[in-house]
Amino acid sequence: MRLNDKFTIEDMKDFQERLNKLQISATHWDIRSNASETELELLDTIDHLCRVSNMLCVIIEQELKGHIVTAQPHRYTNVKLSIAEASLKNYLKYKNITLA
């Protein structure tokens, strides 16, 4: 099976729209201004995971179109994923949660 057997460009656009709505909610002032420090860590995690997912959707969409034009998608994805990991680590630290 090939990628275009599993996804369509329309699928990717739908995923991107849904991810954008999640990201907008996680970064909206009304939500962030009323959040505690630990809640902000979770909101940051959501924000950056949405960014990673959105980039992957962009790359899949470009691949479905036959060419990838985004410069350094690996670097962008790696940086945003590292930020999400750090935010979650900080949240777990604040909450004194240890995962095995």
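How many positive and negative side chains does the chain have, and how far apart do the centres of the two sets lie? The chain has 13 positive and 14 negative side chains, with 4 Å between the centres of the two sets. Lys and Arg were counted as positive and Asp and Glu as negative, leaving out His and the chain ends; each charge was placed at NZ of Lys, CZ of Arg, CG of Asp or CD of Glu.

The structure is a predicted model, in which local features need pLDDT of at least 70 and side-chain atom pairs count only at pLDDT 80 or more, while totals for chains, interfaces and linings use all residues. Residues are numbered from 1 along each chain as its sequence is written, and side-chain values use heavy atoms, with hydrogens and water left out.

Helices (H or I, at least four residues) and strands (E, at least two) are DSSP runs numbered from the N terminus; the radius of gyration is taken over C-alpha atoms, and the globule rule is 2.2 Å times the number of residues to the power 0.38. The C-alpha trace spans about 45 × 30 × 25 Å along its principal axes.

Of the 100 residues in the chain, 27% are buried (under 20% relative accessible area, with exposed over 50% and partly exposed in between; 1.4 Å probe, protein chains only). The chain exposes about 7,100 Å², of which carbon and sulfur atoms supply 55%; areas come from the Shrake-Rupley method with a 1.4 Å probe. Among contacts (heavy atoms within 4.5 Å) with a separation of 6 or more, residues 24 or more positions apart account for 68%.

Most residues other than glycine have a negative phi. Gln72, in the loop between helix H4 (37-65) and helix H5 (73-94), has a positive phi of about 55°. Asn96, in the segment after H5, also has a positive phi, near 55°. Gln72 is exposed at 54% relative accessibility, and Asn96 is exposed at 69%.

One aromatic pair was counted. Phe7 and Phe15 form this edge-to-face pair, at 6.4 Å centre to centre and 80° between the planes. Rings of Phe, Tyr and Trp (its six-membered ring) pair if their centres lie within 6.5 Å, and planes under 30 degrees apart count as stacked, over 60 as edge-to-face and the rest as tilted. Phe7 is partly exposed at 27% relative accessibility, as is Phe15 at 30%.
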